[in-house]
Structure formats: structure tokens, C-alpha cells
Amino acid sequence: MTQDLLSVQNLSLSTADKGLVKNLSFTIAPGERFGLIGESGSGKSLTSLAVSGLLPPSIKPSGRIILDGQEIVGAPGKQLDSLRGDAVATVFQEPLTALDPLMPLGKQIALPLRRRLRREGKPSGRAEVNRHMRDLIDQVRLPDPERLVRAYPHEVSGGQRQRVAIAMALACRPKLLIADEPTTALDVTTQDQIIKLLTSLVDELGIALMFISHDLAVVGQMVERVMVMRNGACVESGLAADVLTAPKDSYTQTLVDAAHRFDAALEGRS
Amino acid sequence: MSASKSILTRFSGTNATFWLGLLLVGTITLTGLLSLVWTPYDLSDMVAGRLEAPSWQHWAGSDRLGRDLFTQLMIGAQIALIVGCSAVAIGAAIGVTTGILAAFATRFLDDALAAFFDILIAFPTLLTAMLVVAASDEASLGTAILALGIGLSPIVGRITRLLTKQVLSQDYITAARVSGSSWPSIVFWHILPNILPFLGVNLALQFGLAVMAEASLSYLGLGAPPPNASWGRMLQEAQGTVYTAPWGAILPGLAIFALVIGVNLLTDGLRDRLDASRRQV
């Protein structure tokens with residue numbers, strides 16, 4: 001068996017008076033697509049922050065998180081800085097707030113890009129950065145790169161913003177990409193495009209994906225394995241096809257049923 | 001119809017504010033620059049009779065020693081600008097650094113710094129400045145500037161701390177963190193640019209305060225020593241003759257007023273313009 005890219009063992013997260021995530025264990029292999037499902041407040045996003053070592057100081061982790069061979073829990077900030085970007089990058093839910101409102105989009109892509117080129121010891125002059133940036137913009141299929149690199153976040157559409165955010169994450173060339181509800185803030189058509197784009201990109205580049213969502217249909221079409229969370233604990237995990245078609249846990253069952261009813265309602269059946 | 005409308009919009013609201021501010025600040029700046037190379041008379045030459053009224057020879061009249069007041073006003077513009085800019089620069093350097101440090105510090109240090117800012121703010125700026133001047137060997141332009149800069153810094157620090165905390169809570173800071181940015185680069189690339197529009201407006205207000213505080217210091221005899229002409233000292237010297245020769249007090253007073261209001265209008269207008277160009281899609 002190959003070495004896991006991410007291995008989470010008995011992870012618990014708690015504030016001074018309250019447990020938020022309890023005894024969570026899962027692994028993600030290199031290049032694998034893994035889904036984390038749960039309702040709001042189930043601890044999905046906290047788990048993803050814990051993986052990148054960015055928990056708020058008030059939340060104390062216990063257990064182990066091993067990312068790319070390095071222990072995250074209790075690691076010093078300096079070591080985490082170098083791990084972030086190299087091993088893990090994140091695409092957030094709301095692209096409008098995840099982009100700096102006062103910085104042109106091109107610059108926002110260029111910053112992590114230059115960091116990566118430096119890290120890899122490649123030339124990181126203006127010309128190189130620009131060339132790589134064009135490639136990235138192509139890769140996320142953004143139109144009109146000339147205008148785009150000079151535009152500010154509020155000047156482009158929500159879908160384009162999320163593509164920029166994906167380009168920024170890819171600029172790091174991470175081994176694991178965390179997508180924290182990357183489609184929730186988008187309309188349905190755009191959602192679909194972003195999902196297709198993410199799927200094809202992680203395949204193409206061989207990046208592992210940790211996809212966080214409450215949308216079963218979206219998760220089902222994207223990932224190979226899923227874990228269902230409720231109130232900070234894992235209720236069920238396994239192959240996406242199994243869990244979503246024949247759920248064993250009653251909570252997962254209600255989620256699946258709700259999704260079915262929603263689909264049926266959309267199609268006009270009762 | 002459309003022409004008259006465009007003239008209306010051109011001279012109303014934002015633009016009027018901006019242009020009036022630019023006119024006032026521009027005139028004073030040019031006067032200050034001009035005084036470096038040319039003044040009608042020499043600053044300390046007694047070229048006129050005592051307390052002459054404004055005339056073609058002496059545009060602003062003369063003081064009780066017969067020195068030309070317009071020359072003093074010109075030099076005063078130069079001094080006011082130097083003091084305003086340098087004091088704000090010093091205040092900003094100290095204030096922004098400590099403000100950002102406080103925002104990043106542990107809760108204990110942050111609380112301590114915030115309390116320290118509050119205590120300093122509770123001291124009137126002028127009083128702080130007077131203490132600094134009093135503590136130095138002799139009153140000079142440099143000590144006045146340093147004193148005002150230190151006096152202004154806690155207000156700048158407090159605002160910087162608040163603005164930085166606000167920016168730090170934004171998603172794009174987390175996004176920059178996850179992509180591996182170090183804190184120094186986040187401060188440089190994200191925090192400073194995002195607090196600057198608000199900080200800039202505040203610094204302009206501080207500039208106005210500094211100009212007025214310098215006038216007050218000079219009025220109290222704690223500013224630039226003679227023969228430097230500062231508007232504040234002109235006011236002080238004209239105090240005894242304000243009924244017989246009112247222009248000696250009115251003109252420097254007007255100059256202070258024009259500079260302070262001009263800077264405020266200009267910043268206001270600039271901020272509105274920048275906002276408007278950002279909003280434009």
C-alpha cells in the first residue's frame with residue numbers, strides 16, 4: 001500500500017468548555033478524491049482548518065494529523081508556513097471575501113505563484129511569473145486574460161472569481177487541495193462548471209482533493225470515498241457509491257432521502 | 001441641456017470639495033515653495049513703518065517692528081507644511097508600527113498596548129507635545145515636530161490597531177495564510193493596502209491637528225525660535241495690537257484656517273473619487 005498523503009488519527013477539537021469534533025479518523029491517498037459531508041456546524045470546515053494548521057487559538061486539537069509525512073498538531077508556525085502552499089491549498093466558499101478587494105486579480109495569482117517558483121528554485125522574474133500566470137488562467141478557462149489580470153474582484157462575475165481562487169490554489173501546486181463548499185455561493189449552472197473544472201484539474205495534475213460539502217449530489221459526482229459527519233463525529237464512511245446509494249446509518253439515510261425528495265420536487269413529481 | 005448638466009455635476013458635491021481643497025492646499029504649497037527662492041523682502045529687515053496697513057508696497061502690512069508681514073506669511077506657509085508633513089510622518093511611523101504589532105500581539109500585550117494608547121489619548125496632544133518640548137534642551141523646529149509626532153502617534157496607533165483587526169478577520173487573510181504567505185508578506189501586501197484608504201483620511205485630519213498644534217506651540221513660545229516666522233508666532237506677536245492693526249492677527253489666522261480646511265476637503269474629495277472609481281464596473 002502506498003503512503004497516505006493525509007492521515008488523521010483520533011482528531012478531537014475543543015474549546016475550553018465544549019467539544020466540537022470527536023475522535024475523527026480518515027486518510028487520503030495521493031491523487032485520491034475524498035468527500036466530507038455534513039450539515040452546517042458539523043465540524044467539516046474546522047476539520048479542514050485543522051489540516052492546514054490554521055485553527056483559531058481558542059480551539060485546542062488533540063490526536064494526530066500527518067500531512068505529507070509531517071505532524072501538524074503542535075507543529076511550530078514556521079514549519080507550517082512552508083507546508084502550506086507546498087502540501088496543501090484551499091479554495092473557500094465565498095470567492096468575493098476570499099479575494100483581496102483592493103488588489104488586481106493578476107497580482108493575487110502572482111503572489112503564491114512566485115512563492116512556489118522560489119521554493120522550487122526556479123527563476124521567478126516578472127516574465128516567468130507572467131508566463132506561468134497565463135498558463136494558469138488558461139487552465140481554469142478564464143476568458144480575456146488581459147482584462148482579467150488588471151480587474152479587481154468586484155469587477156468580475158462570481159464564477160470567474162471562483163476560477164481565480166482555484167488558479168491561486170493551483171499556483172501553489174499543492175499535493176492536497178481542500179475545497180470548502182466551493183460551489184455554495186454560486187448559481188446552479190456555474191456550480192456545475194466549477195465542479196467539472198475542479199474534477200478535471202485534479203485528475204490532470206494528480207492532486208488529491210478533499211471536497212467539503214453539504215450537497216450530496218455534488219459530492220456524489222466528484223469523489224471516490226466519502227465520510228459523513230454529524231455533530232463533530234463520523235457517522236458513516238466508505239465508497240461514495242455505497243454510502244450514497246445504500247446508506248447504513250439512519251442519519252445518512254435521511255440526508256439521502258431529503259436529496260431524493262428535493263430532486264423529485266424539482267422534476268415535478270410528488 | 002446636457003452641457004449645463006455636466007457643468008452642474010462638475011462643480012457640485014465630490015468635485016467641488018476636491019477642487020476647493022486642491023486650490024487651497026495648492027496655493028499654500030506653492031507659496032511655501034516660492035518662499036524658498038523668493039520673498040518680497042528679507043524676513044528680519046525693517047523695511048516699513050510700524051504697523052502699516054496693507055498697501056501696494058506691503059501686501060499684508062507690517063508688524064510693530066516694521067517687518068513685512070507678507071514675507072512672514074510666506075515663510076509661515078513653508079514652516080506649517082514642514083511641521084505638518086514631518087509630524088504626521090513621525091506619528092504615522094510610530095503609530096502604524098505599534099498599532100499593527102498590537103493587533104498581532106497576544107491578548108495580554110494587545111490589551112496593555114490598547115490601554116497605553118487610551119491613556120496617551122486622554123492626554124491632550126498639545127500637552128504631550130509641551131512635555132516633550134519642555135524635556136528637551138531648547139525649543140527648536142525639530143523638537144516641535146518630534147513633540148507633535150509623538151503626540152499624534154497614539155491616535156494613529158489606536159486606529160491602525162482597529163483597522164488591522166478588522167482586516168485580519170477577513171477571509172482573504174485566511175486564504176493568504178493557507179497558500180503559505182508569511183505574516184510579514186501579509187502585512188505588506190494585504191493589510192497595509194486595505195487599511196490605507198481609511199488611515200489616509202485620518203492622517204489628513206492629523207495633519208490639520210498638527211498644523212493647529214504647531215501654531216499653538218509657537219503662540220506659547222514653544223515652537224520654532226525667531227527669526228523663523230510661524231503663523232502661530234505671528235498671532236502671538238499681533239496679540240497686543242489686535243485692535244489697532246487687526247490684519248496682523250486676521251491674516252495668519254486665515255492662513256491656518258485655509259490650510260486645515262483645505263487639507264480636510266482635499267482628503268474628503270480624494271476618498272470619494274477613489275471610492276467612485278472603485279465602484280465603477
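Is E181(A) buried or exposed? I started my notes there, and the answer is buried, with a relative accessible area of 7%. Reminder to myself: this is a predicted model.

**Entry 1: E181(A)**

I looked up where this glutamate sits in chain A. E181(A) is in the loop between strand 7 (176-180) and helix 8 (188-205). I then checked the backbone: phi of E181(A) is near 45 degrees, a positive value in a residue other than glycine. I count E181(A) as buried because 7% relative accessible area is under the 20% cut-off.

**Entry 2: D68(A)**

Next I went to another non-glycine residue with positive phi. For D68(A) the angle is near 50 degrees. D68(A) belongs to the loop that links strand 4 (60-67) to strand 5 (70-71) of chain A.

**Entry 3: chain A as a whole**

I find 11 helices and 10 strands in chain A. Its radius of gyration is 19 Å, close to the 18 Å from the globule rule for 270 residues, so chain A is as compact as a globular protein of that length. Along the principal axes, the C-alpha atoms fill a box of roughly 55 × 50 × 40 Å.

I also looked at packing. Of the 270 residues in chain A, 49% are buried. Taking contacts between residues at least 6 apart in sequence, I get 66% joining residues at least 24 apart.

Then the surface and the charges. Chain A exposes about 12,100 Å², with 52% of that supplied by carbon and sulfur atoms. I have 31 positive and 31 negative side chains in chain A, and the centres of the two sets lie 6 Å apart.

**Entry 4: chain B**

Here I worked from the UniProt record, an unreviewed entry. The record puts "transmembrane region" at residues 16-38, 79-105, 112-135, 141-160 and 243-266 of chain B. I checked some of these spans in the model. Residues 16-38 of chain B are 96% helix and 0% strand, and the end C-alpha atoms lie 31 Å apart.

UniProt (unreviewed entry) lists "domain: ABC transmembrane type-1" at residues 77-267 of chain B. What is the helix content over residues 77-267 of chain B? I get 82% helix, with 0% strand, and the end C-alpha atoms of this span are 19 Å apart.

How values were computed
Residues are numbered from 1 along each chain as its sequence is written. Chains are lettered from A and ligands numbered from 1 in the order in which they are written. This is a predicted model: local features need pLDDT of at least 70, side-chain atom pairs count only at pLDDT 80 or more; totals for chains, interfaces and linings use all residues. Side-chain values use heavy atoms; hydrogens and water are left out. Helices (H or I, at least four residues) and strands (E, at least two) are DSSP runs, numbered from the N terminus. The radius of gyration is taken over C-alpha atoms; the globule rule is 2.2 Å times the number of residues to the power 0.38. Buried means under 20% relative accessible area, exposed over 50%, partly exposed in between (1.4 Å probe, protein chains only). Contact means heavy atoms within 4.5 Å. Accessible areas come from the Shrake-Rupley method with a 1.4 Å probe; for residues, only the protein chains shown count as cover. Lys and Arg count as positive and Asp and Glu as negative; His and the chain ends are not counted. The place of a charge is taken as NZ of Lys, CZ of Arg, CG of Asp or CD of Glu. UniProt positions are given in the numbering used here, feature names are shortened, and annotations may be inferred rather than shown by experiment.
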